[in-house]
Amino acid sequence: IRFVFVHALQLLGRSRAIIHMPDAKLNIKPSTGSMPKKNGGGKEIITLKQKAATLCLLVVQIVATVTVMRYSRISSSSDGGKPYLSSSVVVLAEYLKVIIATFLVTRDTGSWVIAKKEIYQEVVVKSRETFKMAVPATLYAVQNNLLFIALSHLDSAVYQIVYQIKTLTTAMFAVFILRKQISKWQWFSLVLLAIGVAIVQLGVHSKSSVIESTQGGRGGGGEEEQLNNNDDTSSSSIQEQNPLKGICAILLACVSSGFAGIYFEKVLKQTKQSVWIRNIQLGLFGGGASILTMLIKDWSDLQELGFFHGYTPVVILVICLQASTGLIVAMVVKYTDNIVKAFAGALAIIGASMTSIYVFSFEADRNFVFGGILVVIASYIYGTRGPKKHTK
C-alpha cells in the first residue's frame, strides 16, 4: 500500500521545483501535472514503478467506486421509493473534477494568483486548444445515450458480450491514429480479454438480480464515464424491444468509445498542456453535455422530485469517487495508453465482483472463475509478447 500511494502522489503533481528547490517559487514554470524526469531532449520519462503505481491506484479506485455506487443504489431503493437521479450525480462529478484539477494546478504553481493566470491563459486565451476537448466530451455524451438505447432493446447478457468489442475498436484506432505497433500475440490477448470479461459479466449476471455495468468508462477522462447511466433501465427493458436497433446502438457506442479514448490520448501526449489543465477543459464540456443529457432524460423526475432527491452521505461519496476516478484515468492514459487502461478496467471488474462476495453476498460460479483466469492470462500475454524491437 505504501509503495502504491508514494508513487501515486509523485504523479499527482508534486513539483520538483517546490520539493527540491524552495527558492524556485520566485520563478515558477507552468504546471506539469506530474513529477516525471526528463531526458536530454526534454521528453518526459516515466518509470515502470510509477506506471505500475498509477495502474494499481486506478484498479483500487474503480473497485471502490463500483462497490460504493452499487450500495448507494440498493440502499436508496430498499425503502420502496425512487432512488436518486444518476444523471445529477454525473453532472456534479464533472464539475467537482474541475474544482479538484484547479486545486492541483494551484499546488503545482505554488500560488492561486499564478494558477488563475495560467488557467485563464490555457482555457480562455488558447480557446482553440480548449475546444479540442469538445470532441471527446461530445462523444462520451453520445455514447452514454447509445448505451441507454442498447440496454432498452437487448438482454443484459447480450449487451455485456457485444460491448466488449470496444476493446478491439480501441486497439484499431490506436493503430490507425497513434501508429501503435501491436503484435499478433497482443491482438490475440485483446480478443482473449474481451471474451474473458464477457464471461465474467455473465457469471455476475447469473447470480445477481441487480445488473451493474462497470465499464465506462471516462476516461478518462472520461471513461469516467457511464457508471451511473445504466441503473435506471430495468423497467425500460421490459418494453417492446428491437434487437437490431440495440445491436446497432451498442456497435456505434463501441466505435465512439474507442475513437474518443484514442483522441483524448493523442491530445494529452502531443500537446504541452498538463493533465490537470486538460481535465479542466474536458470537465467544462463534459458538464455541459451532462446537463443537457439530464434535462432530456430526467426532466419529469427533476420537476417532480428535485435535483438532490435521495442524496445521502453515501451518494456524496460516490460523486467524490467518480470525480477522482476521472483524474486518475487521465493520468493512466497519458503515462501508459488506452489499451493498458482496458486491462486495468478488466482487473477492476474482477476485483469489484470479488468485493461483492463479502459486501452483497454475491456467489461466484464457474463462469466467473474461468473468465477471471482468461483475463489474467490475456494480461500476461499482452505484457510479455509485444512487438520485437529491431536493432541495427
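**Note on the predicted model: salt bridges, aromatic pairs, cores and a surface patch**

1. The structure holds five salt bridges, a salt bridge being a side-chain nitrogen of Lys or Arg within 4 Å of a carboxyl oxygen of Asp or Glu. This is a predicted model, in which local features need pLDDT of at least 70 and side-chain atom pairs count only at pLDDT 80 or more, while totals for chains, interfaces and linings use all residues. Residues are numbered from 1 along each chain as its sequence is written, and side-chain values use heavy atoms, with hydrogens and water left out.

2. One of the salt bridges joins Lys97 to Glu94, with the closest N and O atoms 3.5 Å apart. The two residues are separated by about one helical turn, because they stand three residues apart in helix 4 (residues 86-109); helices here are DSSP runs (H or I, at least four residues), numbered from the N terminus. Lys97 is buried at a relative accessible area of 1%, and Glu94 is buried at 7%, where buried means under 20% relative accessible area, exposed over 50%, and partly exposed in between (1.4 Å probe, protein chains only).

3. Glu129 forms a salt bridge with Lys132, the closest N and O atoms being 3.1 Å apart, and another with Arg278, for which the corresponding distance is 2.6 Å. Glu129 is buried, with a relative accessible area of 18%, whereas Lys132 is partly exposed at 28% and Arg278 counts as buried at 0%. Through salt bridges that share partners, Glu129, Lys132 and Arg278 are joined into one network.

4. A search of the whole structure finds seven aromatic pairs, counted when rings of Phe, Tyr and Trp (its six-membered ring) have centres within 6.5 Å, with planes under 30 degrees apart taken as stacked, over 60 as edge-to-face and the rest as tilted. The rings of Tyr84 and Tyr311 have centres 6.4 Å apart and planes at 80°, so this pair is edge-to-face. Both Tyr84 and Tyr311 are buried, and together with Phe307 and Phe308 they form one aromatic cluster.

5. The largest nonpolar core has 35 residues, and those with the most contacts inside it are Leu58, Val105, Ile119, Phe264, Val275, Trp276 and Ile280. Such a core is a set of buried Ala, Val, Leu, Ile, Met, Phe, Trp, Tyr and Cys residues joined through side-chain atoms within 4.5 Å. Among the elements that give two or more residues to this core are helix 3 (48-77), helix 5 (112-125) and helix 11 (243-270), while helix 13 gives the most, with eight residues. A second, separate core of 21 residues includes Ala171, Ile349, Ile350 and Ile381.

6. Helix 13 (residues 313-335) is largely enclosed by the rest of the structure, because 18 of its 23 residues are buried.

7. Helix 12 (residues 275-305) gives the most to the nonpolar patch, with four residues. Ile291 lies in helix 12 and counts as partly exposed, at 30% relative accessibility.
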